[in-house]
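Open the model in your viewer and keep the sequence panel beside it. The stops below say what to select and what is there.

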Amino acid sequence: MKYVKSKSLFLYSKAILVILFIFAVTGMVSAGQTIDEVRSKWIGVSINKLIEKHGYPDQSFTAPNGNTVYVVIKNIKKLYPVPVFRQPDRKEVDMYNTKTGAYSYGTTTTGGGWTVEQQMQKSECAGYFEVNKDKVIVEVKFKGDECPQ
């Protein structure tokens, strides 16, 4: 009876550790630049620096004030861990005894417990960089789930 209690305590503690690990990893993944950090980095900089860093913009259009707005779209693929509990799988087995030459039959249990699987999440972030007549970035905005907040 003591063995059963220690085994179940071990399984519960293992499950708690897996859940804590998942929260820690997802917290680290979402850490990034804030919108204020990005704005201070790009406002006042030439559009050519943006193109050097991120490549040519995906789109551009003219704003009502006459400035040009360049749109840079980033597709983001992120792996995130998902805890999965699998029930033990019972299988019928037949065994051969090499000493006696006899067959015997029975069941075995395999593969139960907590595992962590990786799943892919896809999203995008669109950055809108408004540029004045001197080709200097004067405004930065973003749309999308994975954009700086």
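Start by selecting Ser-123, which touches Lys-74, Asn-75, Ile-76 and Glu-146, leaving aside residues up to four places away in sequence; contact here means heavy atoms within 4.5 Å. This is a predicted model, in which local features need pLDDT of at least 70 and side-chain atom pairs count only at pLDDT 80 or more, while totals for chains, interfaces and linings use all residues. Residues are numbered from 1 along each chain as its sequence is written, and side-chain values use heavy atoms, with hydrogens and water left out.

Ser-123 is found in strand β5. Helices (H or I, at least four residues) and strands (E, at least two) are DSSP runs, numbered from the N terminus. With a relative accessibility of 16%, Ser-123 counts as buried. Buried means under 20% relative accessible area, exposed over 50%, and partly exposed in between (1.4 Å probe, protein chains only).

Next, show β2 together with β5. The two strands run antiparallel and are joined by 19 bridges; strands pair if DSSP finds at least two bridges between them. Within this pairing, Lys-74 stands opposite Cys-125 in β5.

Now select the sulfur atoms of Cys-125. Which residue does a disulfide join to Cys-125? The partner is Cys-147, with an S to S distance of 2.1 Å. A disulfide is counted when a pair of cysteine sulfur atoms lies within 2.5 Å, and by this rule there is one disulfide. Cys-125 lies in strand β5 (residues 113-131) and Cys-147 in the segment after β6 (137-143), so the pair ties together parts that are 22 residues apart in sequence. The torsion about the S-S bond of Cys-125 and Cys-147 is about 125°, so the disulfide is right-handed. Cys-125 and Cys-147 are both buried.

Go back to β2 and select its other neighbour, β1. Strand β1 (residues 59-62) runs antiparallel to strand β2 (residues 68-86), and four bridges join them. Thr-62 has Thr-68 in β2 as its bridge partner. β1 and β2 form a hairpin with five residues between them, and in the turn Gly-66 has a positive phi of about 95°.

Most residues other than glycine have a negative phi. At 42% relative accessibility, Lys-135 counts as partly exposed.

Then select Arg-39 and Glu-139. These two form a salt bridge, with the closest N and O atoms 2.6 Å apart. Arg-39 lies in helix α2 (residues 35-42) and Glu-139 in strand β6, so the pair ties together parts that are 100 residues apart in sequence. The structure holds one salt bridge, the term meaning a side-chain nitrogen of Lys or Arg within 4 Å of a carboxyl oxygen of Asp or Glu. Arg-39 is partly exposed, at 29% relative accessible area, and Glu-139 is also partly exposed, at 22%.

Finish at the surface with Tyr-96, Tyr-103 and Tyr-105. They form a nonpolar patch with about 440 Å² of accessible area together. Patches are made of residues with over 30% relative accessible area and no salt bridge, with like charges joined within 9 Å and nonpolar side chains (Val, Leu, Ile, Met, Phe, Trp, Tyr) within 5 Å. Accessible areas come from the Shrake-Rupley method with a 1.4 Å probe, and for residues only the protein chains shown count as cover. Tyr-103 lies in strand β4 (residues 103-110) and is exposed, with a relative accessible area of 55%.
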